[in-house]
Structures are given as structure tokens and as C-alpha cells.
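Reader: I would like to learn how to read a sheet and a cavity in a protein model. Please take me through one example.

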Amino acid sequence: MRILLIEDDRMVGAAVEQALKDAAYAVDWVTDGETAILAAESEAYELALLDLGLPKQDGRAVLRRLRACGRRLPVIIVTARDGVDDRIDGLDLGADDYLVKPFEIRELLARMRAVLRREGSGSPSLLTNGALKLDPATREASFLDQSALLTAREFALMQALLMRPGTILSRSELERQVYGWNEEVESNAVEFLIHGLRKKLGSGAIRNVRGIGWMVDRPS
Ligand code: CA
């Protein structure tokens with residue numbers, strides 16, 4: 001699942017970026033409003049985290065622009081502006097939630113899960129597909145009688161497949177869901193993750209469609 005992090009404070013940005021990666025999200029981090037708009041227009045993100053005080057275009061302008069272009073992108077404002085007027089203003093501009101700094105990462109992650117759940121695109125409390133089950137809170141997966149704890153990247157890949165059962169996902173689509181844009185991706189990284197998942201869950205958990213990609217079957 002791919003997240004756009006819009007934050008000009010280096011320390012806050014780096015901490016949030018790392019926490020999101022640890023929680024199995026692919027993160028693209030931008031530090032000004034103009035770049036944020038360009039990124040949101042060129043990549044289909046599942047969620048954006050938006051600071052309000054930003055260089056070039058401030059967060060309110062970014063949000064107004066995102067809402068004007070019509071594409072549905074859930075936005076959580078994350079800002080030090082804690083006035084009631086600021087919060088009302090942000091929500092009225094179309095933000096889905098509002099979190100005031102300083103905050104605990106755990107709360108940010110819980111709010112992200114809640115927004116994604118409401119959106120329907122995101123993680124319900126338990127993802128299931130026939131015999132395959134995935135718990136986003138614990139990263140535990142099971143298939144038939146095998147269960148295992150997944151790494152952050154294995155989880156991200158498994159989640160991408162589970163959210164679109166019956167659909168073949170290509171290597172580049174899976175890379176998009178697992179890696180942020182400034183991360184080095186080894187050419188066989190996806191194969192390596194698939195290999196690890198099959199080892200943990202059994203080879204029937206993920207189907208290889210030769211030359212095209214991978215899928216999980218729709219439950220029959
Ligand atoms: Ca700021």
C-alpha cells in the first residue's frame with residue numbers, strides 16, 4: 001500500500017517515514033507543496049499524510065488542489081496547528097482526519113488503518129480469501145494448516161495480492177506496492193519475497209502465471 005508523506009520537517013519526516021516502512025507501507029516523502037501536488041497527480045496513492053505549514057504551496061492549498069482534481073485520495077492532516085478553527089477548516093476542506101503534533105506513532109498508524117478501512121480500499125481488521133488469512137495488526141498469515149509471521153515487505157506483497165483476488169499482478173505493480181520511490185529495488189526482489197511467502201505458507205498460497213505475474217485465486 002503506497003502512502004504520500006508531505007512533511008518539510010526533516011526530523012518528523014524521517015521518523016514517520018521509518019515508522020511507516022516498519023508498518024509495511026511503501027512511502028514517498030516530499031517536503032514542499034508543489035512537489036506534493038505533482039506526486040499526487042502522477043501516482044495513485046492509497047493515502048496522504050499532509051502537514052499544513054509547507055514551503056511553496058501550504059497544506060491548505062495542496063488539499064484544495066487535490067480535492068479540485070477530483071481523484072479520491074484520503075488525506076490525514078498532521079500538523080502543529082491545534083486550534084479548533086484550524087481543525088474545522090481542515091476537515092471542511094476535505095481532510096478525512098486531523099492529528100495534532102506531537103503525536104504517538106501508534107495513534108497515527110491506528111488512524112491510518114481507520115481511514116483506509118472506511119475507504120474500503122484498505123485493510124479490514126482481517127483480510128481473508130478462502131483458506132488464506134492475513135491480520136494487518138499482527139502481520140500473521142495463514143493458509144490451510146500453515147501459519148507464519150510475515151516480514152513488513154512480505155506482508156505488503158501479500159496484502160496487495162489479497163486485495164485483488166483473481167487478478168494477476170505484474171512485478172512492477174507489486175514493486176509499486178512494496179517499495180517507496182527512493183528505495184533500491186533488486187531486480188529479483190519480488191521473486192525473492194514470493195519464494196519466502198511460499199516457504200512459509202505453502203506453495204499453493206500464491207499462483208505464478210508464467211511471464212505475467214502472480215495472483216491469489218478467488219475463493220470458489
Ligand atoms: Ca511544516
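**Reading a sheet and its cavities**

Author: This is a predicted model.

Reader: What do strands of a sheet pair through?

Author: Strands of a sheet pair through backbone hydrogen bonds, and the pairing may be parallel or antiparallel. Here 4 strands form an open sheet with antiparallel pairing, in the order 6-7-8-9. Strand 6 (127-129) and strand 9 (146-149) are the edge strands, each pairing on one side only. From one strand to the next, the twist averages 10°.

Reader: Which helix packs on the sheet, touching strand 6, strand 7 and strand 9?

Author: Helix 6 (residues 152-163) does, and its direction makes about 125° with that of strand 7 (132-135). Helix 8 (residues 189-201) lies across strand 7, strand 8 and strand 9, and runs at about 130° to strand 9.

Reader: How many cavities of 30 Å³ or more does a search of the whole structure find?

Author: The search finds 2. The largest cavity has a volume of about 50 Å³, and its lining includes A40, E41 and L66. Helix 2 (33-42) and helix 3 (59-68) each supply at least two residues of that lining, which divides into 4 nonpolar, no polar and 3 charged residues.

Reader: Which elements give two or more residues to the lining of the second largest cavity?

Author: They are strand 1 (2-6) and helix 1 (10-22). The second largest cavity has a volume of about 40 Å³. Among its lining residues are L5, V12 and F103; by class, the lining has 8 nonpolar, no polar and 2 charged residues.

Terms used
Residues are numbered from 1 along each chain as its sequence is written. This is a predicted model: local features need pLDDT of at least 70, side-chain atom pairs count only at pLDDT 80 or more; totals for chains, interfaces and linings use all residues. Side-chain values use heavy atoms; hydrogens and water are left out. Two strands pair if DSSP finds at least two bridges between them. Axes are lines fitted to C-alpha atoms, for helices over the stretch in contact, and angles run from 0 to 180 degrees between N-to-C directions. Contact means heavy atoms within 4.5 Å. On a 1 Å grid over the protein atoms alone, a cavity is a set of points where a 1.4 Å probe fits but cannot get out, and a pocket is an open set with protein on both sides within 12 Å along at least five of seven lines; lining residues have an atom within 4 Å of a point. Grid points are joined across faces, edges and corners, and a volume is the space filled by probe spheres set on the points. Ala, Val, Leu, Ile, Met, Phe, Trp, Tyr, Cys and Pro count as nonpolar, Asp, Glu, Lys and Arg as charged, and the others, Gly among them, as polar.
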